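I set down what I looked up, entry by entry.

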Amino acid sequence: MQTVLSRLLLVWAVLSVGIRATAQNPKALKYDVRILTGASFSGRGYVDKGCEKAARYLVRRLKEAGVAPATPDTSYLQAYSFPVNTFPLPLQLVLNKKELRPGIDYLVEARNPSFATEKAKVRRVDVARTFEKTDSAARIAALSAQGGVVLFQHADTVVQRSFLRASLPPDSLPAGLYLVPVKGKMTWTVRTRQLAKGATVVYVQDSVLPKKVRKITTQLPAKLVGADKNRQFNVCGMIPGTAQPDSFIVFTAHYDHLGEMGKGTVFPGASDNASGTATVLDLARYYAQHPQRYSMLFVFFSGEEAGLLGSQYYTEHPIKPLDRIRFLINLDMVGECAEGASVVNATKHPEVFAQLEQLNKEQSLLPNLKAGGEASNSDHYHFSKLGVPAFFIFGNGGKGHYHDVFDTAEDLSLTHTENLQKLLIRFVSALQ
Ligand SMILES: [Zn+2]
C-alpha cells in the first residue's frame, strides 16, 4: 500500500513540475513551452479549437500559481471573435506521381478557398517572357481564358517573385490553381478571409518540383469560419499592488500561433510565441510570491497572428484603465537571446531604455540590448498608439525558425531566457 502511495506521490510530483515552482524556474519554463507546443493544442490555432484549449491551460496555470483573475468575473477570460480561414482536413498535392509533403515541400496561401482536381494538365507560364511586356488587364485576361492549373515557371528568383507579387497579386488572380516555385525559407501565416476572385495559390519548394510538371492531383480543402463560430479569448490575471493597486505594470504575450495547415501539419510556434507565453507565466508565478507596490497585470493575447486582433480588442475594451498603466512589456519570441535582445520603442522612451541597459550591464545578464524604434510588429502596438508607455522585447539568435513547421520545443534553447526574466524583475523594481 505504501509503495503504491509513494509511487503515486512521485508521479504526482513529476507531473506537477513547475506547478508549485517559484519564478525563474527553467524547468517550469521548459515544461510550459513543451505543453503549449504539444499535440493537444494543435499549434494554438483554429483547427480542433487548439487556441481555445491553450486559453484554458493558461487559466489553469494562473490559478495554480495563485494569480487572481483580472476580469470582472472569475473566468480570467475576455471573449471576442473574428472570422478566420482554416484548413481543417488533410491536404494532398501530387505532381506527376510524386506526393509532396505539406509544410515542408509546399505551403498553401493562407487566403485560399478549396480546390481539388484529379490528373489535371499543368500549364507552364514563364512569368518573364509571357507577362513582362503586357499590362495587368492583359495578364489577367490571358490567365482567365485558359483557367485550370498554372505553374509560374522561374518564379523562384527574387526578381520574378516580386514581379509576380506586384503585377499579379493573389487577389487579382482568376479562379484556378497557381503553383509558385520558391527557393529557400517558406513562411506561413493566418488570414481572416479568402482571395477575392477565388484563386488558389500554392508555394512549392523549387528543389522538389519534377523537371517537367505534367499532371497534378490535389485536394486542398479550406473552410472560412465566420466570426460567430470563432470565439477567441484573451487571458488576464493580476497580482494586486500593496501600495498603489490602481496603477499597473503590465506583461503581455500572445499565446496563439498558426495552428494546422491541413490536419496533421502542425505549426508548433515554440519560439513564436510559446516562449513569451511561458516567460510571462513564470513571471506571474514570481509576482504571486513577491507582490509589488503597483498591481501586476498579465495579459495573454490570442489573434496576434491574424493581425494583432486580441490586443486590438483589449485596447478597445480595456479591463483595467489604460491611463493607469505605468509601463507595459510585451514579450514575443524570447526563447533565443544568445545574441541579446531587441527593444522596440527604445528610441521612443530613451530614458527608460537607458535604465534597462544600465541594469543589464550591472549584472551582465544579456550580451546586449539593441535599441529599436516604433514598429507595428506585435501586441504592444495598439497600446503604444494610445499613448501607453510600452516596450516590445524579442530575442536575437537561434536557428531562425519562424512561422514554419520547424519551430519546435526541441529546437528552442531558452538558455538566456532566465536572464531576461532577471532583467525584467530588476526593471520592474526600478520602476516603483
Ligand atoms: Zn508570429
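I looked up Glu-52 and found it partly exposed, with a relative accessible area of 21%, where buried means under 20% relative accessible area, exposed means over 50% and partly exposed lies in between (1.4 Å probe, protein chains only). The model is predicted, so I note that local features need pLDDT of at least 70 and side-chain atom pairs count only at pLDDT 80 or more, while totals for chains, interfaces and linings use all residues. Residues are numbered from 1 along each chain as its sequence is written, and side-chain values use heavy atoms, with hydrogens and water left out.

**Entry: salt bridges**

I followed Glu-52 to its partner, Lys-49, with which it forms a salt bridge whose closest N and O atoms are 4.0 Å apart; the term stands for a side-chain nitrogen of Lys or Arg within 4 Å of a carboxyl oxygen of Asp or Glu. Lys-49 itself counts as exposed, at 52% relative accessibility. As background, I wrote down that side chains of opposite charge can pair when their charged atoms come close.

How many salt bridges does a search of the whole structure find? I noted 18 for the whole structure.

I then turned to Glu-64 and Arg-60, which form a salt bridge with their closest N and O atoms 3.8 Å apart. Both residues lie in helix 3 (residues 50-65), and because they are four residues apart there, about one helical turn separates them; helices here are DSSP runs of H or I with at least four residues, strands are runs of E with at least two, and both are numbered from the N terminus. Glu-64 is partly exposed at a relative accessible area of 31%, and Arg-60 also counts as partly exposed, at 47%.

I checked for links beyond this pair and found a network of salt bridges that joins Asp-32, Arg-60, Arg-61, Glu-64, Asp-282 and Arg-285.

My next pair was Asp-411 and Lys-399, whose side chains meet in a salt bridge at 3.0 Å, N to O. Both residues lie in the loop between strand 21 (390-395) and helix 11 (417-431), so the pair ties together parts that are twelve residues apart in sequence. Asp-411 counts as partly exposed at 27% relative accessibility, whereas Lys-399 counts as exposed at 58%.

**Entry: a positive patch**

**Entry: cysteines**

I searched for disulfides, each defined as a pair of cysteine sulfur atoms within 2.5 Å, and the count came to zero. Cys-51 is accordingly in no disulfide, and the nearest cysteine sulfur, that of Cys-236, is 13 Å away. Cys-51 counts as buried at 0% relative accessibility, and I found Cys-337 buried as well, with a relative accessible area of 1%.

**Entry: backbone angles**

Before reading the angles I reminded myself that most residues other than glycine have a negative phi, and most peptide bonds are trans.

Which residues does a cis peptide bond join? I found that it joins Asp-272 and Asn-273, with omega at about 0°, and that Asn-273 is in helix 7 (residues 270-289).

I then looked up Asn-96, which has a positive phi of about 50° although it is not a glycine. Asn-96 lies in the loop between strand 4 (92-95) and strand 5 (98-99), and it is partly exposed, with a relative accessible area of 27%.

For His-154 I noted a positive phi of about 60°, although His-154 is not a glycine. His-154 is found in the loop between strand 8 (149-153) and helix 6 (158-167), where it is partly exposed at a relative accessible area of 43%.

**Entry: distances in sequence and in space**

Pro-245 and Tyr-294 are 49 residues apart in sequence and 5.4 Å apart in space, C-alpha to C-alpha.
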